[in-house]
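Dear colleague,

I am handing over the structure below, and after it you will find my notes on what turned up when I went through it. Please read them with the structure open beside you.

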Amino acid sequence: MAETILTDNRDGVLLITLNRPESMNSLNRELLGSLADVVKEIAFDRDVRVVVITGAGEKSFCSGADLKERATMSPAEVKQYIYNIRNTFTMVENLPKPVIAAINGFAFGGGTELAMAADIRIAAPNAVMGLTETSLGIIPGAGGTQRLARLVGKGKAKELVFLAQRLKASEALEIGLVNRVAAEGKLLDEALEMAAKINENAPIALEMAKYAINHGSEVDLASGLALESNCYAVTIPTKDRQEGLLAFREKRKPVYIGE
């Protein structure tokens, strides 16, 4: 049986591929468990500085939960699944390194929720996204109602969820659900190119910047500024900060080691 998650470390940029193309990369329990395991393993792996998540094949990033499997679950098993998917996506969101979602096709329900747990979303021109759960008699359960409202605003999030609306890549870009739409056939190239550029910067600074933005945006401004100040303080004694200053003075590209 093929592995449901593929990983490929390219000089510090880890490409994670959801690998169930025959099922539109839907999230059955095996794939979800494998994704959780990978995220736990890389959280403090210094050889992984940036993460790119995509789906196998050209049709689908991730079509959400595996509804065939879901139909076999008891109510208690559904609760356990929802608990696991919500926690897994939160682990993705809290990874202490940048995460880019390369959305290559359909991303419905949990697929859109996984993309929203990433820091940056790049969509292929053929991508179609949406939180379509209300059309199935349920609601988004992996953080979708919360992250969507924070990305596009309450009113637009309600409209999209109430209508179970599907958005083309251009529409997702228009409302800020994705950061950019890649050129035709260039999605992975553009995602990896962005990841490589991010990888040139200091890992501890990236971690602190992500922490400050993620947590500071959830509190009042004064608390957010205090949080930012503390995050900045973490970078002051690092070797990377000294390297940045030295490289600037010597007019060369800095080499950051994450210390």
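There are zero disulfides in this structure, a disulfide being a pair of cysteine sulfur atoms within 2.5 Å. Among the cysteines, C62 is buried at a relative accessible area of 0%, and C231 is buried too, at 7%; here buried means under 20% relative accessible area, exposed over 50%, and partly exposed in between, with a 1.4 Å probe and protein chains only.

Please keep in mind that this is a predicted model, in which local features need pLDDT of at least 70 and side-chain atom pairs count only at pLDDT 80 or more, while totals for chains, interfaces and linings use all residues. Residues are numbered from 1 along each chain as its sequence is written, and side-chain values use heavy atoms, with hydrogens and water left out.

G64 sits in the loop between β4 (60-62) and α2 (67-70) and is buried, because its relative accessibility is 1%. Not counting residues up to four places away in sequence, G64 touches S26, L27, F108, G110 and G111, contact meaning heavy atoms within 4.5 Å.

As for charges, the model has 13 salt bridges, each defined as a side-chain nitrogen of Lys or Arg within 4 Å of a carboxyl oxygen of Asp or Glu. One of them joins the side chains of K210 and D119 at 2.9 Å, N to O; K210 lies in helix α9 (residues 203-216) and D119 in the loop between α4 (110-117) and β7 (120-123), so this pair ties together parts that are 91 residues apart in sequence. K210 is buried, with a relative accessible area of 10%, whereas D119 is partly exposed at 24%. Another salt bridge, between K156 and E159 (3.3 Å, N to O), lies within helix α6 (residues 154-163), its two residues being three apart, about one turn of the helix.

Notes:
Helix = DSSP H or I, 4+ residues; strand = E, 2+ residues; numbered from the N terminus.
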